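Let's take a friendly walk through one protein model. Have a look at the picture first, then read on.

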Amino acid sequence: AITLGADIAGTTARIFVHDSGPGIPPDVREQLFQRFGATASTSDRQSNTGLGLTFCKLAVEAHGGTISVESELGRGTRFEVRLPAAR
């Protein structure tokens, strides 16, 4: 299952994506936002260049925000973007 959400608290807009998948191991999480930090594919049909989350991080930071990931093996992963909210 995938859950998407967004809210505004004070001067911060928050957008999140949470899944109930297998989770991401801690050693892999450290590489997620690095260029070419592609992880091993779980399927021959998938291709991973390791640039998607790097570009996300650069775009979010260019707008004065942050992006983070929390994950627990067997319980899923949550990505959260925080951006300054318009006044």
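What follows covers the ground rules, a set of charged residues and one threonine.

## Ground rules

This is a predicted model, where local features need pLDDT of at least 70, side-chain atom pairs count only at pLDDT 80 or more, and totals for chains, interfaces and linings use all residues. Residues are numbered from 1 along each chain as its sequence is written, and side-chain values use heavy atoms, leaving out hydrogens and water.

## A charged network

Side chains of opposite charge can pair when their charged atoms come close. Here the count is 5 salt bridges, each being a side-chain nitrogen of Lys or Arg within 4 Å of a carboxyl oxygen of Asp or Glu.

Asp7 bridges to Arg14, with the closest N and O atoms 2.5 Å apart. Glu80 pairs with Arg78 at 3.2 Å, and Arg82 pairs with Glu80 at 2.7 Å. Salt bridges that share partners join Asp7, Arg14, Arg78, Glu80 and Arg82 into one network.

Arg82, at 40%, counts as partly exposed.

## A tucked-in threonine

Thr77 sits in strand E4, residues 76–84 (strands are DSSP runs of at least two residues, numbered from the N terminus). Thr77 has 4% relative accessibility, so it counts as buried. Its side chain makes a polar contact with the side chain of Ser71 at 2.8 Å (a pair of N or O atoms within 3.5 Å; within protein, one must be able to donate a hydrogen and the other to accept it, and residues adjacent in sequence count only if both atoms are side-chain atoms).

Note on methods. Helix = DSSP H or I, 4+ residues; strand = E, 2+ residues; numbered from the N terminus. Buried < 20%, exposed > 50% of the residue type's maximum accessible area, 1.4 Å probe, protein only.
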